[in-house]
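Let's take a walk through this fold, one packing contact at a time. Keep the 3D view open while you read.

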Amino acid sequence: MNSTGVDLNEADKIRNFVLMNLPADQQEEFYNKYWHPIELDTEDDKEYHVSEFIRNYLTFKLKKAPAMGKVYQVCKRFIEQKKMTTESVLQDLLKYAGYEKQIRKSQSPSDKVNVLLKRLSVLAVNVTRPFILPLFDYWQDGKVNADEVAAVLGSIESYIFRRLICGMQNNSLNKLFATLFSDSLKYVDQSDNYVDIINYLLLSKTEVSHFPTDDEFAESIETRDAYNMRQQTKYYIFDRLENQDSLVLISQDFTTQAIRLTDFLPAVFLLCMTFQKCEDLCFSSGTFINSF
């Protein structure tokens, strides 16, 4: 609890743990140099989302998602086990907070990537963040280029949307996205095409995590009760029907307009044409898959 009687959130506890043992002047220096910029990088709707960001950071670092109420405990243990200095912790958090801002605001260095980020944000599936954060660092290090990042995000988008249409729960994918990036690194010596690696890993998932086939997707989009879809999913469908893959987007605020199913039923078949077919993903990564 802070001096005003408000309970501390997980980020507050982490800030105190990291800064409190420093001399007062250094506390202020590191707060202004690192912690406050981290807060600003996670800002959305005039609120800081540092706790959520650090949870995603820990998820890809530890390959396991901590419960939100245990983020402080897990972060404290992580720092102590790694024997990280105060400044090294803050420097690493600030680096990834920069990627967090690019992802949240769709403000990466690539227009093509930003289009994909905007579409993923409409789908409102934050479970992918522990994969996209290290992917952006991989990009920053020059291991992949903007076109490859866009292609990877396109595969993730297709995977997520197909599962939504097929009525599969995406909240079950925490483990998949916690380990997807680290899993991909196991294969980089066997293929020089990072997109193929991600496609292979997604297509190899089974049971609750499996990638819906073209037949499953086509059947579901014909029979799905669109009236009872999440509102965000409806916005997403309208955007894809309107803009498809254009980088010059037609801006429409569907949140302020009445959405009628009859407005887009005649065009549903266009939606099916918009998404990558599973067979296309298999073809693009065929050489890689056949090597196993």
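The structure holds one cavity of 30 Å³ or more. A cavity here, on a 1 Å grid over the protein atoms alone, is a set of points where a 1.4 Å probe fits but cannot get out; its volume is the space filled by probe spheres set on the points, which are joined across faces, edges and corners. About 30 Å³ of space lies in the largest cavity.

Before going on, note that this is a predicted model: local features need pLDDT of at least 70, side-chain atom pairs count only at pLDDT 80 or more, and totals for chains, interfaces and linings use all residues. Residues are numbered from 1 along each chain as its sequence is written, and side-chain values use heavy atoms, with hydrogens and water left out.

## Who lines the cavity?

Which residues line the largest cavity? They are Tyr57, Leu58, Cys75, Phe78, Ile79, Met84, Val89 and Leu93 (lining residues have an atom within 4 Å of a point). Helices α3, α4 and α5 (86-105) each give two or more residues to this lining, and α4 has the largest share, with three. Helices are DSSP runs of H or I, at least four residues long, numbered from the N terminus.

By class, the lining has eight nonpolar, no polar and no charged residues. Nonpolar covers Ala, Val, Leu, Ile, Met, Phe, Trp, Tyr, Cys and Pro; charged covers Asp, Glu, Lys and Arg; the others, Gly among them, are polar.

## α3 meets α4

Helix α3 (residues 50-62) packs against helix α4 (residues 71-82) at about 50°, with axes 10 Å apart. Axes are lines fitted to C-alpha atoms, for helices over the stretch in contact, and angles run from 0 to 180 degrees between N-to-C directions. The pair is therefore oblique: under 35 degrees is roughly parallel, over 145 roughly antiparallel, 65 to 115 roughly perpendicular, and the rest oblique.

On the α3 side, the contact (heavy atoms within 4.5 Å) includes Tyr57 and Leu58, while Cys75 and Phe78 are among the α4 residues. Its tally is eight nonpolar, one polar and two charged residues.

## α3's other partners

α3 also packs with helix α7 (residues 129-140), at about 75° and with axes 8 Å apart. That makes α3 roughly perpendicular to α7. Asn56, Tyr57, Thr59 and Phe60 of α3 touch Arg129, Pro130, Leu133 and Pro134 of α7.

With helix α2 (residues 24-41), the α3 axis comes within 9 Å and crosses at roughly 100°. Those two are therefore roughly perpendicular as well. Trp35, Ile38 and Glu39 of α2 meet Val50, Phe53 and Ile54 of α3.

Note on methods: 1 Å grid on protein atoms, 1.4 Å probe; cavity = no way out; pocket = protein on both sides within 12 Å on 5 of 7 lines; lining within 4 Å.
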